[in-house]
There are 2 protein chains.
Amino acid sequence: MNRLVVTVIAAGAALTSLSAAAQFQKPEDAIKYRQSAMTVMGNHFGRVAAMAQGKVPFDAKAAADNAGVVVVLSKLPWAGFGEGTDKGAPTRAKPEVWKDSAKVKDLATKMMDEAEKFDAAAKTGNLDAIKAAVGSLGKACKACHDDYRAEKYSSN
Amino acid sequence: MNRLVVTVIAAGAALTSLSAAAQFQKPEDAIKYRQSAMTVMGNHFGRVAAMAQGKVPFDAKAAADNAGVVVVLSKLPWAGFGEGTDKGAPTRAKPEVWKDSAKVKDLATKMMDEAEKFDAAAKTGNLDAIKAAVGSLGKACKACHDDYRAEKYSSN
């Protein structure tokens with residue numbers, strides 16, 4: 001079976017070695033991978049956001065550990081957005097992701113930067129700093145989702 | 001909406017703070033989460049396994065970076081196996097996962113230990129050490145999959 005060598009939305013040196021080997025057998029493998037990375041990242045971000053919003057008690061150790069997971073995951077989804085992965089499995093990624101690749105790369109870089117700041121804030125154990133970082137990272141997620149994520153999954 | 005507070009298959013102190021806050025709104029959220037964590041982990045393990053098998057050129061930096069992702073992900077899926085998450089979405093987890101929870105916990109702990117060793121081996125940059133660690137970690141994955149993962153997804 002031919003391997004689909006993806007054109008990676010490379011974003012920073014730290015990502016290079018993770019992206020360089022990111023070859024997926026089929027477009028659906030890339031789609032499943034990027035969706036899975038987003039799901040795990042969103043879950044762990046949500047656990048800290050719930051603390052920031054007062055929905056669950058603040059636990060500094062848990063906040064720091066979960067932020068550590070977020071920052072690792074933040075670097076991963078981009079390798080799954082290679083050329084030819086706009087179709088192959090149901091996806092909410094709009095076709096504009098591949099048309100506006102420079103803008104999407106900027107938004108991805110901004111999100112990774114905010115994830116690093118979020119992780120640093122979480123490690124201070126200061127709830128006010130964490131609240132601010134949750135807000136900034138949430139905005140960075142939303143900035144891309146607003147323009148490039150559809151409401152519904154595509155049918156293929 | 002009531003939150004589903006899962007009974008966590010806790011496995012080691014390092015996991016505690018990640019698991020403690022692991023509450024899922026619905027069983028399907030837990031199933032999606034654990035499947036996503038497994039997908040991302042399997043992808044990054046596969047990238048290093050491909051090097052160990054000579055299918056792609058050995059890249060010590062990429063091996064180390066990917067192993068770092070694997071060890072972070074190895075701690076995550078277990079929180080998604082709480083009581084009541086045997087159904088709710090298509091899953092390959094057999095009912096025995098919840099009947100044999102002590103055995104499954106042991107297998108999960110063994111896998112996490114092997115992931116740590118794999119990460120340490122990858123960081124040496126020694127291909128022979130990496131090959132051995134890939135084999136050991138692969139066996140630890142398979143030990144659980146053989147008994148507790150079905151061939152096909154359940155229909156709900």
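Me: Is the crossing of α2(A) and α2(B) left-handed or right-handed?

Reply: This is a predicted model, in which local features need pLDDT of at least 70, side-chain atom pairs count only at pLDDT 80 or more, and totals for chains, interfaces and linings use all residues. Residues are numbered from 1 along each chain as its sequence is written, chains are lettered from A and ligands numbered from 1 in the order in which they are written, and side-chain values use heavy atoms, with hydrogens and water left out. A crossing is left-handed if the near helix is turned anticlockwise from the far one by less than a right angle, and right-handed if clockwise. For α2(A) and α2(B) the crossing is left-handed.

Me: At what angle do helix α2 of chain A and helix α2 of chain B pack? Are they parallel or oblique?

Reply: Both helices span residues 27-52, their axes are 8 Å apart, and the angle is about 125°. Axes are lines fitted to C-alpha atoms, for helices over the stretch in contact, and angles run from 0 to 180 degrees between N-to-C directions. Under 35 degrees counts as roughly parallel, over 145 as roughly antiparallel, 65 to 115 as roughly perpendicular and the rest as oblique. That makes α2(A) and α2(B) oblique.

Me: How do the residues of the contact of α2(A) with α2(B) divide?

Reply: Contact means heavy atoms within 4.5 Å. Among the residues that make it are A:Tyr33, A:His44 and A:Arg47 on α2(A), and B:Tyr33, B:His44 and B:Arg47 on α2(B). Ala, Val, Leu, Ile, Met, Phe, Trp, Tyr, Cys and Pro count as nonpolar, Asp, Glu, Lys and Arg as charged, and the others, Gly among them, as polar. The division is 6 nonpolar, 8 polar and 4 charged.

Me: In what order do the elements of chain A run?

Reply: Helices (H or I, at least four residues) and strands (E, at least two) are DSSP runs, numbered from the N terminus. Chain A has 6 helices and 2 strands. From the N terminus on, the order is β-α-β-α-α-α-α-α.

Me: Why are α2(A) and α3(A) described as roughly antiparallel?

Reply: Their axes come within 9 Å. The contact includes A:Phe45 and A:Met51 of α2(A), with A:Val70 and A:Leu73 of α3(A). Its residues divide into 12 nonpolar, 3 polar and 1 charged. The two helices are roughly antiparallel because they cross at roughly 150°.

Me: How do α3(A) and α5(A) pack, and how do the residues of their contact divide?

Reply: The angle between α3(A) and helix α5 (residues 101-124) of chain A is about 160°, with the axes 8 Å apart. That makes the pair roughly antiparallel. The crossing is left-handed. The contact's residues divide into 10 nonpolar, 2 polar and 3 charged.

Me: Which residues does A:Ala64 contact, beyond its neighbours within four places in sequence?

Reply: A:Ala64 is found in helix α3 of chain A. Its relative accessibility is 15%, so it counts as buried (under 20% relative accessible area; exposed is over 50%, partly exposed in between; 1.4 Å probe, protein chains only). The contacts are A:Asp119, A:Ala122 and A:Lys123.

Me: Which side chain makes a polar contact with that of A:Lys75?

Reply: A:Lys75 is in the loop between α3 (60-74) and α4 (96-99) of chain A. At 16% relative accessibility, this lysine is buried. A polar contact is a pair of N or O atoms within 3.5 Å; within protein, one must be able to donate a hydrogen and the other to accept it, and residues adjacent in sequence count only if both atoms are side-chain atoms. Here the distance is 2.7 Å, and the partner is A:Glu116.

Me: Which residue's backbone oxygen lies 2.8 Å from a polar atom of the B:Asn66 side chain?

Reply: B:Asn66 is in helix α3 (residues 60-74) of chain B. Its relative accessible area is 0%, so it is buried. The backbone oxygen belongs to B:Ala62.

Me: Is A:Cys141 buried or partly exposed?

Reply: A:Cys141 lies in helix α6 (residues 127-148) of chain A. Its C-alpha atom is 8.4 Å from that of A:Leu107, 34 residues apart along the chain. With a relative accessible area of 23%, A:Cys141 is partly exposed.
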